[in-house]
Amino acid sequence: MALYGLAVCGGKSSRMGSDKSQLQYFGIPQADRVLNVLSPLCEDVFLSCNSSQSANFENHKIITDLPAYQDIGPMAALLSAFEIYPNADFLIAGCDYPFITTEVFRGFLSSIQKVPVAAAFYNVEGTYEPLLAWYAREAAPLLFERFESGRYSLQHFLREINAEKYIPESENIMLSVDTPEICEKVQALLNVHDDK
């Protein structure tokens, strides 16, 4: 079974005010860092982006949101990926999680006990992180069915199928940078770590 990695960059970044995939915490854009995180675990890796971003990633393997799925949120990334590569499972990571690492994802993949349709990181508030997740190829028809009925929430999908939950050791791993304020918090946390 092919496992492909998908670094999801397709958000509009409206709250952030700038493209989150281009933010740098470790000396390279987050889009490239997430690819580096996923690469050791996957047969191939792709950047998922919307049509307005594709020119930014000319030197990358990209999956641009297909026209039918534009403006439906993160589900667009998965539907586009499954339509192009229907025989692959996907390990996906949003570009707005600066603390995700290869080792964290390795632990996540090894923790999947059953043969689920999907598994995702799960936070203390009791919600899934749909963009820190693994989706089996068996998820594709279920997702396409939801799309046809106008249900675009990956969170609701994961709840409805009772996707396997993974709670990482540190809450910081699921810290999503969506605003300039959170970006500053992350920079401060990284600076403290560097000083030790």
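Visitor: What makes the axes of helix α2 and helix α4 oblique?

Guide: The axes of α2 (residues 75–84) and α4 (residues 139–148) come within 10 Å and cross at roughly 125°. Angles under 35 degrees count as roughly parallel, over 145 as roughly antiparallel, 65 to 115 as roughly perpendicular and the rest as oblique. So α2 is oblique to α4. Axes here are lines fitted to C-alpha atoms, for helices over the stretch in contact, and angles run from 0 to 180 degrees between N-to-C directions. The model is predicted: local features need pLDDT of at least 70, side-chain atom pairs count only at pLDDT 80 or more, and totals for chains, interfaces and linings use all residues. Residues are numbered from 1 along each chain as its sequence is written, and side-chain values use heavy atoms, with hydrogens and water left out.

Visitor: Which residues make the contact of α2 with α4?

Guide: From α2 come Met75, Leu78, Leu79, Phe82 and Glu83. From α4 come Ala140, Leu143, Phe144, Arg146 and Phe147. Contact means heavy atoms within 4.5 Å.

Visitor: How do you know whether Asp96 counts as buried or exposed?

Guide: The relative accessibility of Asp96 is 11%, so Asp96 counts as buried. Asp96 sits in the loop between β4 (88–94) and α3 (102–111). An unreviewed UniProt entry places the feature "binding site" at Asp96. Such annotations may be inferred rather than shown by experiment.

Visitor: And Glu169, buried or exposed?

Guide: Glu169 has a relative accessible area of 88%, so Glu169 is exposed. Glu169 is in the loop between β7 (164–166) and α6 (180–195).

Visitor: Why is helix α1 called largely enclosed by the rest of the structure?

Guide: Of the 9 residues of α1 (residues 30–38), 7 are buried, so α1 is largely enclosed. The buried ones are Gln30, Ala31, Arg33, Val34, Leu35, Val37 and Leu38. Their cover includes β1 (2–8), β2 (44–49), β4 and α3.

Visitor: What counts as a helix or a strand?

Guide: Both are DSSP runs, numbered from the N terminus: helices are H or I, at least four residues, and strands are E, at least two.

Key
Buried < 20%, exposed > 50% of the residue type's maximum accessible area, 1.4 Å probe, protein only.
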